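Open the model in your viewer and keep the selection panel at hand. The tour goes from the whole chain down to a single residue.

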Amino acid sequence: KSFADQLIRLKLAPHDLPDLTVALFLEKPEFRKMDGEFREILELLQRNRHFLVVDKNDGVQAIVTESDAIAFFNIIASPFILIQEAELALRELMRRAVTEDELAECARLALTQQATATGRPLPQSLEEMDLGNYLGIIRDTRNWPKFARTLGEPRLYAMQNIEALRSRRNDIMHFRGSISAEHYQELADCRNWLQLRMTISGDGR
């Protein structure tokens, strides 16, 4: 960045480049303590694209760049993106499997007891349901024949994938520590399976 900015400021011709020295492109670095405020750090990265991290004795410990910030946020955000993609795929597979009236009947069979116990109204549409509702409907053996085409046999494999999705979702949404590499891969595998089922099942009932 400093190289490009200085070239613009100096308005140099191409034949001038061999005579340039490194000193022309040096910038005074910005420093921040290791306990610096996160918002201030982001603003600094937007402005300078990098800064040096120093300890309490002003000894340099690290350099942080825009790329580091992007990698950090990717680690934080990617599990949430996987969950969203997986849930939307599951919702679409259920939509392909049943009509609105059939879904309402599936909900009546599988979710009435839970709704009565919690005092909540029985959800009627996929948009009113959460992942636990989806799982409850699909898990009910009276409903499974309607979803077998879109989710695929064997039923046990489908249940294992959706159960894993719910478990990993609960861990992440309730901030139960950082997600392990094994659980991240489990979540990615579930998303991939659901998206594959969308391709296989097509759009018709």
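Start with contacts in the chain, meaning heavy atoms within 4.5 Å. Among those between residues at least 6 apart in sequence, 54% join residues at least 24 apart. This is a predicted model: local features need pLDDT of at least 70, side-chain atom pairs count only at pLDDT 80 or more, and totals for chains, interfaces and linings use all residues. Numbering starts from 1 along each chain as its sequence is written, and side-chain values use heavy atoms, without hydrogens and water.

Now colour by secondary structure. Helices (H or I, at least four residues) and strands (E, at least two) are DSSP runs, numbered from the N terminus. From that end, the order is α-β-α-β-β-α-α-α-α-α-α. The radius of gyration is 27 Å, well over the 17 Å that the globule rule gives for 205 residues, so the chain is more spread out than a compact globule. That radius is taken over C-alpha atoms; the rule is 2.2 Å times the number of residues to the power 0.38.

Zoom out. Along the principal axes, the C-alpha atoms fill a box of roughly 80 × 45 × 30 Å.

Next, colour by burial. Buried residues make up 32% of the 205. Buried means under 20% relative accessible area, exposed over 50%, partly exposed in between (1.4 Å probe, protein chains only).

Finally, select Phe38. Phe38 lies in helix α2 (residues 38–48). Is this residue buried or partly exposed? Phe38 is partly exposed, at 45% relative accessible area.
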